[in-house]
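Subject: Handover of a structure and its findings

Dear colleague,

Please find the structure below, together with its sequence. The findings follow directly after it.

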Amino acid sequence: MIMQVMADSADAGLGAARMQMALSLGWHIVLACLGVGMPAITLIAEWRGHRRGDPHYRLLARRWARAMGVLFAVGAVSGTILSFEMGLLWPRLMGAYGQVIGLPFSLEGIAFFIEAIFLGVYLYAWDRLTPVAHMLSGIPIVVAGVASAFFVVTANAWMQQPTGFRLAGGRVVAVDPWAAMFNPATPPQTVHMILAAFMVTGFGIASVYAVAMLRGRRDRYHRAGLLLPLTAAALVTPAQIVVGDWAAHFVASNQPVKLAAMEGVFHTQRGVPLHVGGIAVDDRMRYALEIPDGLSLLAHFDPDAEIMGLDRVPVADWPPVNVVHLAFQLMVGLGFALLALSAWLAVAWVRRRDLPRSPWFPRAAAVSGVAAVLALEAGWVVTEVGRQPWIVYRVMRTADAVNPAPGLVWGFVLVSLVYAVLTVATVYVLRLLARDRPVPIAPQEPDVHDETDERVV
């Protein structure tokens, strides 16, 4: 009886730790994406404003810069929470392998401080620097934001394909932090994540102005606010589809169990069909549209290629199939929907140098931001849940890494409350910034008077 109670307590602690980590990562990743993509889009708006003498673009840049400052501050809070959670929730992971994966976290800290320093310069020096110098001060923000994402994702990639060490007698030896950081999963995973960040940012900003246009605000300011970020996202989306295929091929070659869960392949066979939709019931994929030989062709460029099924590994090593499969379907479906929206914009622009005239276009653009975020979250579910039950693939199980202390569920409750407060406060502050007009040069200085249109909100 005592052993059963201890086992139940351990299972509850593992579940609470996983839910807390999922909440923290799922919340922070959206802020991280905006931190990567928003500085670049803001700089483009500022450059266009100065190059064309257009106050609308300059005003957009100043508004987006203010929002960028708020989001950076909130992201710093959620990032700090995550850094503590790595040690508090998974002490056995960090105790055993901290020396292996510590390098990218250290480099990310350097990138973070560079970004913070130059963000302060950028926000407070609109009229203290020449336009060229001010725009140049924004370049380190862009570089540091991308670098931060790269370094953090290399650590996650290492958990997918652990390298840079050897185990001798259960101890970690021969540590090579650079080999660990540049593991085989790093190239596809980092590129996929950075492109996703620009998609989330572009579609997210555009959706705000699309909603405003649906409410009747069709002036040049709102049109520019829609077109610039939407164009940036539309340019990235086709590349993301190609990189996504690259990442899927990597999974097929290096994580066949994850691929089997993604596609609901329970039995090893040749000429495996591609499943569109469907759910796993009694170790079979049901209610799916099947494309004959499709998975074998896509995974190995051979319609008769063998695909390893889940029957090749013990049931205890299976990921949650329906969670991984449905998340993968959602990510791919939304990705192609955003690609269709991008193509719609491209065709209209090539033909008329204008936005599509259909009333459905701003409606589609208005939901594109939410769609991009959902695709991002679904992709991370595939990446993380598809690796289970391993926290370090085929090296350490998640259950063996968790903190054995009781009461982890209360930490999950507390962190949930913190994120609820952060969400409400962030939305409230951003809405206040959106309603404040005109926009100040810097928080302590007089307002800008370039744009006097009362419709600018």
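Residues 24 or more positions apart make up 76% of the contacts in the chain that have a separation of 6 or more. Please note that the model is a predicted one.

Overall form

The chain holds 13 helices and eight strands. Its C-alpha atoms fill a box of roughly 70 × 50 × 40 Å along the principal axes. A compact globule of 457 residues would have a radius of gyration near 23 Å, and the 24 Å of the chain agrees with this. Of the 457 residues, 49% count as buried. The accessible surface comes to about 21500 Å², and carbon and sulfur atoms account for 68% of that surface. The chain carries 34 positive and 32 negative charges, whose mean positions lie 8 Å apart.

Helix α10

Helix α10 covers residues 321-352. Several residues of α10 are buried, among them Val321, Phe328, Leu338 and Ala348. The buried residues of α10 pack against the helices α6 (186-214), α7 (220-254), α8 (256-263) and α11 (360-385), as well as the strands β4 (274-281) and β5 (284-291). Just after α10, arginine 353 takes a positive phi of about 55°.

Cysteine 33

Cysteine 33 is placed in helix α1, which runs over residues 2-52. Is cysteine 33 buried or exposed? Its relative accessible area is 0%, which is under the 20% cut-off, and cysteine 33 is therefore buried. Beyond residues up to four places away in sequence, cysteine 33 touches Met193, Ala197, Val200, Thr201 and Leu376. Methionine 199 is 166 residues away from cysteine 33 in sequence, yet the two C-alpha atoms are 8.6 Å apart in space.

Glutamine 161

Glutamine 161 is found in a loop, between α4 (131-160) and β1 (166-168). Because its relative accessible area of 13% is under 20%, glutamine 161 counts as buried. Which residues are in contact with glutamine 161, leaving aside its neighbours within four places in sequence? They are Asn183, Pro184, Ala185, Phe250, Asn254, Gln255 and Tyr393.

Yours sincerely

Notes
Residues are numbered from 1 along each chain as its sequence is written. This is a predicted model: local features need pLDDT of at least 70, side-chain atom pairs count only at pLDDT 80 or more; totals for chains, interfaces and linings use all residues. Side-chain values use heavy atoms; hydrogens and water are left out. Helices (H or I, at least four residues) and strands (E, at least two) are DSSP runs, numbered from the N terminus. The radius of gyration is taken over C-alpha atoms; the globule rule is 2.2 Å times the number of residues to the power 0.38. Buried means under 20% relative accessible area, exposed over 50%, partly exposed in between (1.4 Å probe, protein chains only). Contact means heavy atoms within 4.5 Å. Accessible areas come from the Shrake-Rupley method with a 1.4 Å probe; for residues, only the protein chains shown count as cover. Lys and Arg count as positive and Asp and Glu as negative; His and the chain ends are not counted. The place of a charge is taken as NZ of Lys, CZ of Arg, CG of Asp or CD of Glu. The expected span of a helix is 1.5 Å times one less than its number of residues.
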